[in-house]
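The sequence and structure are shown first.

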Amino acid sequence: MNKVIYNYLIFNYLKIIANFILVFMALGIVLNLFEEIEFFKNLDVNISLPIFLTLLFVPNTIIKLIPFIVFFSSMWYFVSLNNKKEILTLKTFGVSNLKIIMSLSLTAFLFGTFIVLAINPITSVMVKSYENIKSNHSSYIDHLVSINKNGVWIKENNINERRIINAKRIIDNNLIEATILVLNEKNLIVKRIESESINISSNEWTLKKVAVYEEKKGDTGLFDVVFKDKLVLKSMYNADKIYSAYKNLDTISFWELITEYEKLKDREYPQKYLNEKINIFISLPFFLLLMVILASILTMHQRAKTQNVYYIFVSILVCVVVFYFKDLSIALGQTGRIPLEISVWMPIIAVFLFCSIGVLSVNEK
């Protein structure tokens, strides 16, 4: 009998998760489609291309949101069980609150493991295809970051000028042996800046050992040269933005991160971001498990149907708090305040500590 009951609980729970995924998928498609249309608005492409790119991109976004989707689904399911008095019925068959929570949280854990091992390799290929297609049309876009056998290339438009930056390589947030070409509105070079290295940690680039070649007045085609030990330029790009632009780790699956870790480091993927991504993957099943327990703590001790508005408010508030705490923790890790690996696990540890106390009180209800 218990096996039938648990199958019933798990099947209905997975059905609710699937419904929430479809809802979030629909919202993601609508929102991302507008962005893709905006990207291609000045290009001669068919509407099918933005739609296709949206379908490639959105599944990866859903995976990033899956902890909150599982939390909303769990809240919905536990409230439904309460409102229909099914929890009281289950108790008559010897199924306690704790058993219900554990069966659903274990289901969420296995679901997270399935996402990491089976779904992620598919979405990483989809994101890679997405980026390849977008890059084929990026030559017509004002802002571009690319890396190839000729080094790092950056193209950006400012208010009064256009810049094309080329560097042999990028090491530890520094562009090595860089050249900056400044073009006017006629796409003619009016200034060339050569630098031994450029620190791009922030949007204010610091150039060292600089030679500035600037066109003489009168449009003569001749240039004056000025040598400087240091020069500061403002840019729309910094190291993090450049890394994310041309080294999108979403294109790399969990299996690739594990099996090709050293190769990825040799290809100049920053080690700290590789470690961060691996820990995010490993922590996902545990995160989903805890989100189920957290949802149960907030709902299973209530009985009144009239408190549905309360549940909606609490679920949104909890998601906002967890999201910003997770974001803050990662930011502390990326800035070196705490080890990056710990920053990934800190929100999970915090939720675990809260759940370990709350789940005991739920089981007593």
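What does H2 span between its end C-alpha atoms, and what would a straight helix of 36 residues span?

## Basis of the model

The model is predicted, with local features requiring pLDDT of at least 70 and side-chain atom pairs counted only at pLDDT 80 or more, while totals for chains, interfaces and linings use all residues. Residues are numbered from 1 along each chain as its sequence is written, and side-chain values use heavy atoms, leaving out hydrogens and water.

## Helix H2

H2 spans only 44 Å between its end C-alpha atoms, whereas a straight helix of 36 residues would span 52 Å at 1.5 Å a residue. The expected span is 1.5 Å times one less than the number of residues. Helices here are DSSP runs (H or I, at least four residues), numbered from the N terminus.

H2 has a kink of about 60° at Leu65, shortly before Pro67. The bend at a residue is the angle between axes fitted to the seven residues ending there and the seven starting there. Just after H2, Lys85 adopts a positive phi of about 60°.

## Helix H8

In H8, a kink of about 40° lies at Leu284, shortly before Pro285.

## Packing of H2 and H8

H2 (residues 48-83) and H8 (residues 271-299) pack at about 30°, with axes 8 Å apart. Their contact (heavy atoms within 4.5 Å) includes Phe71 of H2 and Phe287 of H8.

Terms used:
Axes fitted to C-alpha atoms, helices over the stretch in contact; angles between N-to-C directions. Helix = DSSP H or I, 4+ residues; strand = E, 2+ residues; numbered from the N terminus.
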